[in-house]
Amino acid sequence: MVEVSASLLSAKEEEIVKIIYNLEVAKADYIHIDVMDGKFVENDTSEKMRKYTESLKNVSNLPIDVHLMVNNVEEYVKEYIDIEVNCITFQIESCKTEMEILKQISYIKQNNCKVGLAISPKTDIENIYKYLEYIHKVIIMTVEPGKGGQELIPATIEKIKALNKFIYENGYEVDIEVDGGINEKTAKKVIDSGANILVAGSYITNSENFGEAIKNIKGL
Ligand code: DX5
Ligand code: ZN
């Protein structure tokens, strides 16, 4: 069953409470929070996304799917554990050693939060295989991390297929979340390749009817 994680990155700040309400009515499965520190990527959304997440906790019951695009993973993991979100995913490229990755994974799980690893377009998918037994999801970035409204990079489709095959052959229970450039056209391609959670930002929040946009992505 395909689920949709609606990203707030392209949402108009002055309308955020109404947008969150409308996403809940439109039956988004998760709210996707894109945390950027201005170092791992040029954009800095850290303050805005912390405020969004705190207001989300007050106005909505939707599960919160945090995507960290930061250099200091430990600092932001602690910040979002304190806000009691549902899942924290960090970029595999943020950590220098395997030990650091495993340390953050176990810290997140010890604090009753689901954990994911995200992988940028240029990073080989094989780099994620050794962590699959410890994590709940992989976010395959289908655009360069850092901003919304980009086109999906076609070469990333093969990474989805390869990961899906490896998960199936090894019997892992890991969600494949795809993030970037998702619309009604690209959604079908990534679902057919094995993705089961689709992140969509601009396609939904720029649309007139969030419910229709989400149905289109799910292929309903
Ligand atoms: C990009 C973010 C994505 C982005 C998706 O760095 O991780 O979640 O917000 O936005 P769209 O759907 O507009 O590509
Ligand atoms: Zn994201």
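Both His32 and His67 are buried, where buried means under 20% relative accessible area, exposed means over 50%, and partly exposed lies in between (1.4 Å probe, protein chains only). The model is predicted, so local features need pLDDT of at least 70 and side-chain atom pairs count only at pLDDT 80 or more, whereas totals for chains, interfaces and linings use all residues. Residues are numbered from 1 along each chain as its sequence is written, chains are lettered from A and ligands numbered from 1 in the order in which they are written, and side-chain values use heavy atoms, with hydrogens and water left out.

These two histidines belong to a metal site. The zinc ion (ligand 2) is coordinated at 2.0 to 2.3 Å by His32 (NE2), Asp34 (OD), His67 (ND1) and Asp179 (OD). Donors are N, O and S atoms within 2.8 Å of the metal (3.2 Å for Na, K and Ca); water is not among the atoms, so sites may look incomplete. Along the chain, the donors of the zinc ion (ligand 2) follow the spacing H-x1-D-x32-H-x111-D. His32 lies in strand β2 (residues 30-36) and His67 in strand β3 (residues 64-69), so the pair ties together parts that are 35 residues apart in sequence. Helices (H or I, at least four residues) and strands (E, at least two) are DSSP runs, numbered from the N terminus.

The site of the zinc ion (ligand 2) is octahedral, with angles of 72 to 175° among its 6 donor atoms. Six donors count as octahedral if opposite donors are over 155 degrees apart and all others between 65 and 115. Ideal angles for six octahedral donors are 90 or 180 degrees.

A closed barrel of 8 strands runs β1-β2-β3-β4-β5-β6-β7-β8, with parallel pairing; two strands pair if DSSP finds at least two bridges between them. Strands of a sheet pair through backbone hydrogen bonds, either parallel or antiparallel. One of the pairs joins strand β4 (residues 87-91) to strand β5 (residues 114-119) in the parallel sense, over 5 bridges. Within this pair, Thr89 has Gly116 in β5 as its bridge partner.

Glu84, in the loop between α3 (73-82) and β4, has a phi near 60°, a positive value in a residue other than glycine. Glu84 is exposed, with a relative accessible area of 59%. Asn112, in the loop between α4 (98-110) and β5, has a positive phi of about 55° although it is not a glycine. Asn112 also counts as exposed, at 75% relative accessibility.

The cysteines can be considered next. A disulfide is a pair of cysteine sulfur atoms within 2.5 Å, and by this rule the count comes to 0 disulfides. Cys87 is in no disulfide, and the nearest cysteine sulfur, that of Cys113, is 6.0 Å away. Cys87 is buried, with a relative accessible area of 5%. The sulfur of Cys95 is 15 Å from the closest cysteine sulfur, in Cys87, which is too far for a bond. Cys95 is buried as well, with a relative accessible area of 12%.

Finally, the chain may be viewed as a whole. Of its 220 residues, 53% count as buried. The C-alpha atoms of the chain fill a box of roughly 45 × 35 × 30 Å, taken along the principal axes.

Terms used: Tetrahedral: all angles 85-135°; square planar, octahedral: opposite > 155°, others 65-115°.
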